[in-house]
Amino acid sequence: MKKTGVKALLVTILLAVPLMARAAALPLKAMADIPLSGNASRFDYASIDPETHELFVAHLGDSTVTVVNIKSGKVVANIAGIGHVHGVLALPELGRVYASATATNEIVAIDDNTEDESLWRPVQQWCADHGVKFQHLDDWPGYKSGALNY
């Protein structure tokens with residue numbers, strides 16, 4: 001029984017070593033240093049929207065999603081108030097970004113492209129009918145117009 005366990009461990013190690021060596025040899029390189037907003041604390045997951053060239057970064061320590069335009073290398077928005085934002089996922093086909101607010105056990109849907117009131121008012125009503133928090137951001141400095149549904 002002991003010999004079988006040792007053999008299995010040895011086989012696992014022998015299979016893993018070439019994979020680890022290959023992963024270490026990936027041609028990764030730094031492209032730019034971009035100063036981010038907020039305090040120097042924990043950043044977590046990030047997701048990119050290749051259509052808008054925006055990188056959405058979960059700044060867990062600041063409870064903020066930081067939006068970086070990867071073409072200009074500049075922060076274009078900070079979406080604050082997402083309690084201990086952990087994960088973030090851009091879905092370009094829906095025009096949405098989703099973030100997990102672990103402090104409040106919520107998923108936040110960020111819609112940064114809906115200025116037309118006839119489009120976001122029904123969402124606001126649905127949220128009210130179903131006990132879902134809703135906040136529309138209109139002309140906030142550093143933000144785009146859109147809705148936060150969480």
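**Close-up views of a predicted model**

**View 1. Strands S2 and S3 pair in the antiparallel sense.** Strand S2 (residues 54-59) is joined to strand S3 (residues 64-69) by six bridges, and the two run antiparallel. Strands (E, at least two residues) and helices (H or I, at least four) are DSSP runs numbered from the N terminus, and two strands pair if DSSP finds at least two bridges between them. Opposite His 59 stands Thr 64 in S3. The model is predicted: local features need pLDDT of at least 70 and side-chain atom pairs count only at pLDDT 80 or more, while totals for chains, interfaces and linings use all residues. Residues are numbered from 1 along each chain as its sequence is written, and side-chain values use heavy atoms, with hydrogens and water left out.

View 2. Four residues separate the two strands of the hairpin, and Gly 73 in the turn has a positive phi of about 75°.

**View 3. Asn 69 is a buried residue of strand S3.** Asn 69 is found in S3 and counts as buried at 18% relative accessibility; buried means under 20% relative accessible area, exposed over 50% and partly exposed in between (1.4 Å probe, protein chains only). A polar atom of the Asn 69 side chain lies 2.8 Å from the backbone nitrogen of Lys 71. Neighbours within four places in sequence aside, Asn 69 is in contact (heavy atoms within 4.5 Å) with Thr 52, His 53, Lys 74 and Val 76.

**View 4. The largest nonpolar core has 15 residues.** A nonpolar core is a set of buried Ala, Val, Leu, Ile, Met, Phe, Trp, Tyr and Cys residues joined through side-chain atoms within 4.5 Å. Phe 56, Val 65, Ile 82, Val 88 and Ile 110 have the most contacts inside this core. At least two of its residues come from each of S2, S3, S4, S5 (85-91), S6 (96-101) and S7 (106-111).

View 5. Five bridges pair S5 with S6 in the antiparallel sense, and Leu 89 stands opposite Tyr 98 in S6. Four residues lie between the strands of this hairpin; Gly 95 in the turn has a positive phi of about 65°. Asn 105 lies in the loop between S6 and S7 and is exposed, with a relative accessible area of 71%. The C-alpha atoms of Asn 105 and Val 85 are separated by 9.9 Å, the residues being 20 apart along the chain.

How values were computed. A polar contact is a pair of N or O atoms within 3.5 Å; within protein, one must be able to donate a hydrogen and the other to accept it, and residues adjacent in sequence count only if both atoms are side-chain atoms.
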